[in-house]
Amino acid sequence: AKAYGLPPATVAALSKRAHAIPQPGDALPGESDMRLVRAGNSVIAAARSEVSRDDYARFAKATGRPASLCRERASLLRIVKPISWESPGFAQSAQQPVVCVSWSDADAYARWLGQRTGHHYRLPTGAEAAAMPGSGGARPVSQWSSECGKGCKQRLSQGHSWRGTGGARALDAARGYDDVGIRLVRDL
């Protein structure tokens, strides 16, 4: 602006506006729960933490979505002691990450949230999930990603979980896991 001979007041106003543009790591303006993250050559808004049990409960109640299977189909425990996102087999508070949700549950939650807010939420790609900072917590969970494994009957989860697993895992997309949750991103 100085090179074009603009008045000092205009240069100062433009400089102030430029410095107000959020950078990766900053909160998305108007949404303190979303942070800007650089993933490769693009910048996305990523949720600071996983979808909580409380948030998922609102979705399940509003849509009437039934709980997904959360054990191996052949497991005898599935019959004797069924588990679900409401009762995953260990104590959880309402603010802890929802687990025992399938990939389809996670995708449906993202679409439902988008309809409610007018924004496009989605599951992250593997590269986006790897670029997101950890959300912490005493019982970390990996998250469903948008990427497929084996003909899309399997979907990938990303991140480290309390079970000690990490990286990308190909999982049955039709069932939930007690160490996999939901973390959303939003395109800008």
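Helices (H or I, at least four residues) and strands (E, at least two) are DSSP runs, numbered from the N terminus. The structure is a predicted model, in which local features need pLDDT of at least 70 and side-chain atom pairs count only at pLDDT 80 or more, while totals for chains, interfaces and linings use all residues. Residues are numbered from 1 along each chain as its sequence is written, and side-chain values use heavy atoms, with hydrogens and water left out. The model holds two disulfides (pairs of cysteine sulfur atoms within 2.5 Å).

**Confidence**

- Among the elements, the highest mean pLDDT, 97, belongs to helix H2 (residues 53-63), and the lowest, 60, to helix H3 (residues 77-80).
- Where pLDDT is low, the predicted coordinates should not be read in detail.

**Disulfide Cys-70 to Cys-100**

- Cys-70 and Cys-100 are joined with an S to S distance of 2.1 Å.
- This pair links distant parts of the chain, 30 residues apart: Cys-70 is in the loop between H2 and H3, and Cys-100 is in the loop between H3 and helix H4 (103-117).
- The torsion about the S-S bond of Cys-70 and Cys-100 is about -60 degrees, so the disulfide is left-handed.

**Disulfide Cys-148 to Cys-152**

- The sulfur atoms of Cys-148 and Cys-152 are joined at an S to S distance of 1.7 Å.
- The link of Cys-148 and Cys-152 is right-handed, with 90 degrees about the S-S bond.
- Cys-148 counts as partly exposed because its relative accessibility is 33%, and Cys-152 counts as partly exposed at 38%.
- With the bonded cysteines of the protein numbered in sequence order, the pairing is 1-2, 3-4.

**Nonpolar surface patch**

- Tyr-4, Leu-6 and Leu-14 make a nonpolar surface patch of about 350 Å².
- Patches are made of residues with over 30% relative accessible area and no salt bridge, nonpolar side chains (Val, Leu, Ile, Met, Phe, Trp, Tyr) being joined within 5 Å and like charges within 9 Å.
- A salt bridge is a side-chain nitrogen of Lys or Arg within 4 Å of a carboxyl oxygen of Asp or Glu, and accessible areas come from the Shrake-Rupley method with a 1.4 Å probe.
- Tyr-4 lies in the segment before helix H1 (8-20) and is exposed, with a relative accessible area of 76%.

Definitions and conventions. pLDDT = per-residue confidence, 0-100. Buried < 20%, exposed > 50% of the residue type's maximum accessible area, 1.4 Å probe, protein only.
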